[in-house]
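Please look at the sequence and the structure together, and keep both at hand while reading. The paragraphs that follow go through a pair of helices and then some charged side chains.

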Amino acid sequence: MKILVVGSGGVGSSFAHIAARRSFFDSLVLTDINEARAQAAVDEVGDPRMSAAKIDASDRAAVTAAIKAAGADMVLNAADPRFVQPIFYGAFDAGANYMDMAMTLSHPHPEKPHELCGEKLGDEQFEHAKAWEDAGLLALVGCGVEPGLSNIFARYAQDHLFSEVDEYGVRDGANLVVEGYDFAPGFSIWTTIEECLNPPVIWEKDKGWYTTPPFSEPEIFEFPEGIGPVECVNVEHEEVLMIPRWLEGKRVTFKYGLGNEFIEVLKTLHMLGLDKTDKVRVGPVEVSPRDVVAAVLPDPMEIGPIMHGKTCAGMWVTGKGKDGNPREVYLYHVVDNQETMALDNSQAVVWQTAINPVIAMELISDGTWKGAGVLGPEAFDAVPFLDLLKGEYNSPWGMEERTPKA
């Protein structure tokens, strides 16, 4: 396998570190609009199979040209979700398989944003599924940690734990602290704002997809391995748009443990218009308010040394077990920032995202996962993935049995 990675930020560089320990690929070109950043990541990894190049991820033709120049048969989109379209289409034009960790952005319903869906996350990519299938190409979408590992947990639950699923509920929480900062997202602020301020989507078998106001339906969820209770709220996320396409169930939700202070900051940004993307004139220049916010916040790539704690991604599933009795489980993956920094000089949030596309590519490379079209990870057998994660990749996942609610 020959890989081209678009984006050399936290996730792209973490991907390179993790992949360097594996033998399934022949070459990997790490690209970025800032070639020096890509080269620095390659130099840090020190794998002779890896090289760096410059790319403009906003230019479809440039993406195609870079893929062809690298001779790549697999493209990993590790760039900001704003660049999904040119990378997705650029890979198709080049005749390469494609993988991403976030899908095309949504656009709220113009009249009833907190009731009805407008254009949903990933809609544009799913519309092109037949073209990818007819070309014999695979676009494996939403294959990070959430979406990604969470979807794989859902597939495992359907196949091995439940005869009937009432709800697939992604629940994400952490006890991470960044020294010296009251507000320091562990991921791109662009992605954070999109997820948290857009209307959350819920899917129900009898209603289909619908939306609610941001931060709705708060609940306290108990996270494992010392993280403890965290208040979680509805947040827009791809799993809700993906899981019903392949798995059987009655309801799909996504709730994120943000905390009151984090939520209030996001509400304030929205109130002041600082979440907007359209440029405004400030003296002699025009600038996007959201870019200003990103510029004044700490870079997620650089906060690892001052970050402490653990992050947990997981899938809470309720329904009837294989024996027909009520069952409730939480399948989860916990990552400690101190451990990921020591291993790969990568902070926990980006490292936990990056390990999953590495494993998925290995399964595609050896023929364990096969397919064509636009598919999510839940379209494939979960067991080989989870076995590799816990085994050769030495990053254990866990499962807790919980008492079903009456």
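Helices are DSSP runs of H or I with at least four residues, numbered from the N terminus, and the axis of a helix is a line fitted to C-alpha atoms over the stretch in contact, with angles running from 0 to 180 degrees between N-to-C directions. The model is a predicted one, in which local features need pLDDT of at least 70, side-chain atom pairs count only at pLDDT 80 or more, and totals for chains, interfaces and linings use all residues. Residues are numbered from 1 along each chain as its sequence is written, and side-chain values use heavy atoms, with hydrogens and water left out.

Helix α13 (residues 348–365) and helix α14 (residues 382–390) have axes that come within 10 Å and cross at roughly 125°. That angle makes α13 oblique to α14, since angles under 35 degrees count as roughly parallel, over 145 as roughly antiparallel, 65 to 115 as roughly perpendicular and the rest as oblique. On the α13 side, the contact (heavy atoms within 4.5 Å) is made by Ile 355, Asn 356, Ile 359, Ala 360, Glu 362 and Leu 363, while α14 contributes Pro 384, Phe 385, Leu 388 and Leu 389.

Let us turn to the charged side chains. Side chains of opposite charge can pair when their charged atoms come close. A salt bridge is counted when a side-chain nitrogen of Lys or Arg lies within 4 Å of a carboxyl oxygen of Asp or Glu, and the whole structure holds 24 salt bridges.

One of them pairs Arg 37 with Asp 32, with the closest N and O atoms 3.1 Å apart. To describe such partners, buried means under 20% relative accessible area, exposed means over 50%, and partly exposed is in between, using a 1.4 Å probe and protein chains only. Arg 37 is partly exposed at 34%, whereas Asp 32 is buried at 4%.

Another salt bridge joins Asp 123 and Arg 245, with the closest N and O atoms 3.8 Å apart. This pair links distant parts of the chain, as Asp 123 sits in helix α5 (residues 123–126) and Arg 245 in helix α9 (residues 239–246), 122 residues apart. Asp 123 is buried, with a relative accessible area of 15%, and Arg 245 is partly exposed, with 34%.

In a further salt bridge, Arg 281 meets Glu 286, with the closest N and O atoms 3.5 Å apart. Here Arg 281 is exposed at 56%, and Glu 286 is partly exposed at 48%.

How values were computed:
Helices (H or I, at least four residues) and strands (E, at least two) are DSSP runs, numbered from the N terminus.
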